Amino acid sequence: MSLTNATEPPASRVTFARTLRPRRALAAFLAAFGLALTVYAPALTAQDATSKAPQAAPAVSSFSDAQKGEIENIVKNYLLKNPEIFLEIQSALEAKMEQIQAERLKVALAAHAETLFRDPNAPIAGDPKGDVTVVEFFDYNCGYCKRGFPDIAKLIESEPKVRVVFRELPILSKGSEEAARVAIAANMQGKYWDFHSRMIAFKGQANEASALKIAEKAGLDMARLKQDMKSEKVADEIKKVRDLAQSLNINGTPHFIVGNRSIPGAPQDLFEQLKSNVEMVRKEGCTTC
C-alpha cells in the first residue's frame, strides 16, 4: 500500500479503487466454479464410482473441449442474467476482510497499548486523565489531516473528558519531518496544542521555515526550540512513532484509533464517527486503552 498524500482521495476510496477489479474477477471465478461443480460434479462422481482400474488409483478426470465450452456458455449466460452476484460476493468478501482486519488490529493494539495510549512523552490535548483516549497519526502536509482537524477540535470542546494523543507521522516529505521536529520540541515546552492548532491550519507548505515562524507567533522560546528540535530525543520520538505505525499496519494519514476501533482517512462524518466510538468505549469498556 502506498502512503497517503495530500492529493490522494481518502483511504477508504483508495482501497476500494485498488481492489475493485480483482474482486470482480474473484467473484466471476467463484460463480463459475460453483456452477461447474453443480453441473458436472454428479457426473464425475458417478464416473469415479464405476471406474475399475485394478492397478492404480483412478486419475483425475479433465474436462473435454466440449465440456469446457458448455461451462463457459452456462457461466456467461448466468452472469449476464444475474449481474448482481458480483455485488453480493464483493460485499461478503469486504465484510469478511473487515472482520479479519479488526481482529488483527485488536491483537496489535494489545501488544503496543503502552506506547500507543500511555506514552508519557506523547503530545496530548483535552483532559490528561480523560476516560477515553483518541489517538491520531498525522502529517502536517496532509490535506486530509487539515480537513479533519476541525472535527478533532470540536470533539475536544464537546467532550471535556476525552484525551487526544497526537502521533507525528511525517511520511510525505522532508518538510513534514522538519515541521514534526518543531512540533515535538514545542511539546517539550508545554505548548504543543497552541503550535499544533496553528501549524495544521497553515495553508502553505509545512517545513522548517514555516514551522519556526508559527512557533515564534505561538510564543515559544526560540533559542531552546532550535536546540531541542535537533536533539536525539526528538529524532528518537519520530522513529518510535514510525515503528509503531508500521506495527499497527498504518500506512497513511490521517488515521484515528479509539479504543480497539480504527478510522482511516478523514471521512465527511468524522466527528460523528469519533463521537460514536467514544460512546461505545464508555459503554463497553476497553481492556487495552
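This report covers helix packing and the nonpolar cores of a predicted model.

Residues are numbered from 1 along each chain as its sequence is written, and side-chain values use heavy atoms, with hydrogens and water left out. In this predicted model, local features need pLDDT of at least 70 and side-chain atom pairs count only at pLDDT 80 or more, while totals for chains, interfaces and linings use all residues.

**Overview.** The protein has eleven helices and five strands. These are DSSP runs numbered from the N terminus: helices are H or I with at least four residues, strands are E with at least two. Of the 289 residues, 38% are buried. Buried means under 20% relative accessible area, exposed over 50%, partly exposed in between (1.4 Å probe, protein chains only). Among contacts with a separation of 6 or more, 77% join residues 24 or more positions apart. Contact means heavy atoms within 4.5 Å.

Two packed helices are described by the angle between their axes and the distance between the axes. Axes are lines fitted to C-alpha atoms, for helices over the stretch in contact, and angles run from 0 to 180 degrees between N-to-C directions.

| Pair | Axes come within | Crossing angle |
|---|---|---|
| helix 5 (residues 143-158) and helix 11 (residues 270-284) | 9 Å | roughly 40 degrees |
| helix 5 and helix 7 (residues 192-200) | 10 Å | roughly 140 degrees |

Helix 5 is oblique to helix 7. Helix 5 supplies Cys-145, Lys-146, Phe-149 and Ile-156 to that contact, and helix 7 supplies Trp-193, His-196, Ser-197, Met-199 and Ile-200. The residues split into six nonpolar, two polar and one charged. Here Ala, Val, Leu, Ile, Met, Phe, Trp, Tyr, Cys and Pro count as nonpolar, Asp, Glu, Lys and Arg as charged, and the others, Gly among them, as polar.

Helix 5 and helix 11 are also oblique to each other.

**Cores.** The largest nonpolar core holds 43 residues; Val-134, Tyr-140, Val-182, Phe-195, Leu-225 and Leu-274 touch the most other members. Such a core joins buried Ala, Val, Leu, Ile, Met, Phe, Trp, Tyr and Cys residues through side-chain atoms within 4.5 Å. Helix 5 gives the largest share, six residues. Another core, of 17 residues, lies apart from it and includes Leu-116 and Ile-250.

**Ser-276.** Ser-276 sits in helix 11. Ser-276 is partly exposed, at 36% relative accessible area.

Note on methods:
Angles under 35 degrees count as roughly parallel, over 145 as roughly antiparallel, 65 to 115 as roughly perpendicular and the rest as oblique.
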